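Me: I would like to learn how to read the packing in a structure like this one. Please take one feature at a time, with the idea before the case.

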Amino acid sequence: MMNRVPGDAENAHSSSVESCPSLRDVHSINPAQLMARIESYEGREKKGISDVRRTFCLFVTFDLLFITLLWIIELNVKGGIETTLEKEVLHYDYSSSYFDIFLLAVFRFKVLILAYAMCRLRHWWAIAFTTAVTSAFLLAKVIISQLFSQGAFGYVLPIISFILAWIETWFLDFKVLPQEAEEENRFLIAQDASERAALLHPGVLSDGQFYSPPESVAGSDEDSEEKQDSEKPIV
C-alpha cells in the first residue's frame with residue numbers, strides 16, 4: 001500500500017508535466033520572432049486581399065478575356081465582325097449563336113469578382129452557383145443546338161468555357177480557401193503564443209524602470225558614533 005501511494009503520486013506528477021507542453025514551447029519561443037510574425041500577418045490583413053485570392057481573380061479575368069477573344073475570332077471567320085455580330089446579337093438564335101457563351105463568361109466574371117474580390121467571401125457557394133449554371137447551360141446547348149455543324153468553333157468555345165469554369169472551382173476550393181484558413185490559424189496561434197510569452201517573459205527593464213534606493217549620507221555611521229560618545233556621562 002505504501003509503495004502504491006508514491007507510485008500514484010509520481011504518475012500524477014508526470015501526467016501534469018506532460019499536460020503542459022505548450023507552456024514549455026512558449027517559454028522557448030523568442031518573443032521578437034513572434035512579434036515579427038504577427039506584424040507580417042497584420043500587414044497581409046491591411047492589404048485587404050491575399051496573394052492567392054488575387055491570382056484567382058486574375059484567372060477569372062483571363063477567363064472572360066479568352067472567351068471574348070475566341071468569340072471575336074469566330075465572328076471574323078464567318079464573314080466579317082459587323083455582319084456576324086448583327087446576326088448573332090440582334091437576330092439571336094439559340095441553336096447557332098455563340099453570343100450566349102460570351103454572356104456566360106461575363107456572368108461568371110461579374111459574380112466571382114463581386115463575391116471574392118469586392119465582398120471577400122470565404123465560402124464556396126458563389127463558385128458552385130456559377131459552375132452549376134455554366135455546366136447546365138453548356139450541356140443543354142451542345143445537345144439541343146447545331147454548333148457541331150459550324151466547324152471547329154462549335155467544339156472549341158463550349159469545351160474551353162466548360163474547362164475554365166471547373167478550373168476556377170478547383171483553384172478556389174483547393175487553393176484559395178484552405179490557404180487563407182491556414183494563414184488565419186497561424187495568425188491566431190502566433191497571437192496566443194505572444195500573449196503567453198509576454199506573461200512568461202516580461203522583458204528586460206529599461207533604464208527608467210530600475211529602482212534605485214535613496215543614497216545614504218556619507219559619514220552617517222561616524223556621526224552616530226560621535227553622537228553616542230558625546231552623550232556618555234563623564235566619570
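Me: Which residues does Ser145 touch, not counting residues up to four places away in sequence?

Reply: This is a predicted model, and the contacts are computed from its atoms. Ser145 touches Tyr94, Ser95 and Ala140 once residues up to four places away are left out.

Me: Where is the place of Ser145, and is Ser145 buried or exposed?

Reply: Ser145 sits in the loop between α7 and α8. Its relative accessible area is 9%, and buried means under 20%, so Ser145 is buried.

Me: What is the pattern of the protein, read along the sequence?

Reply: There are 9 helices and 0 strands, giving α-α-α-α-α-α-α-α-α. Of the 235 residues, 28% count as buried. As for contacts between residues at least 6 apart in sequence, 76% join residues at least 24 apart.

Me: How should I read two packed helices?

Reply: Two packed helices are described by the angle between their axes and the distance between the axes. Take helix α6 (residues 99–118) and helix α7 (residues 125–144): their axes come within 9 Å and cross at roughly 175 degrees. Angles over 145 degrees count as roughly antiparallel, so α6 is roughly antiparallel to α7.

Me: Which residues of α6 and α7 make the contact?

Reply: On the α6 side they include Ile101, Leu104, Phe107, Val111 and Leu112. On the α7 side, Trp125, Phe129, Val133, Phe137 and Leu138 are among them. By class, the residues of this contact divide into 14 nonpolar, 2 polar and 3 charged.

Me: At what angle do the axes of α4 and α6 cross?

Reply: The axes of helix α4 (residues 51–77) and α6 come within 9 Å and cross at roughly 165 degrees. That angle makes α4 roughly antiparallel to α6, and the crossing is left-handed. Contributors from α4 include Phe56, Val60, Leu64, Ile67 and Trp71, while those from α6 include Phe102, Val106, Phe109 and Ile113. The residues of the α4 contact with α6 divide into 16 nonpolar, 2 polar and 3 charged.

Me: How many residues does the largest nonpolar core have, and which have the most contacts inside it?

Reply: A nonpolar core is read as a set of buried residues joined through their side chains. In this model the largest has 17 residues, and Ile67, Trp71, Tyr98, Ile101, Phe102 and Leu157 have the most contacts inside it. The elements giving two or more residues to this core are α4, α6 and α8 (153–200). Of these, α6 gives the most, with 6 residues. Ile101 touches Ile67, Leu138, Lys141, Leu157, Pro158 and Ser161, leaving out residues up to four places away in sequence.

Me: Then a residue of α8. With which residues is Leu164 in contact, leaving aside its neighbours within four places in sequence?

Reply: Leu164, which is found in helix α8, is in contact with Phe59, Phe62, Asp63, Phe66 and Ile67.

Me: Is Leu164 buried or exposed?

Reply: Leu164 has a relative accessible area of 6%. The cut-off for buried is under 20%, so Leu164 counts as buried.

Conventions:
Residues numbered from 1 in each chain as written. Predicted model: local features only at pLDDT ≥ 70, side-chain atom pairs only at ≥ 80, totals over all residues. Heavy atoms only, no water. Axes fitted to C-alpha atoms, helices over the stretch in contact; angles between N-to-C directions. Helix = DSSP H or I, 4+ residues; strand = E, 2+ residues; numbered from the N terminus. Parallel < 35°, antiparallel > 145°, perpendicular 65-115°, else oblique. Contact = heavy atoms within 4.5 Å. Nonpolar A, V, L, I, M, F, W, Y, C, P; charged D, E, K, R; others polar. Left-handed = near helix turned anticlockwise from the far one by under 90°. Core = buried A, V, L, I, M, F, W, Y, C linked by side-chain atoms within 4.5 Å. Buried < 20%, exposed > 50% of the residue type's maximum accessible area, 1.4 Å probe, protein only.
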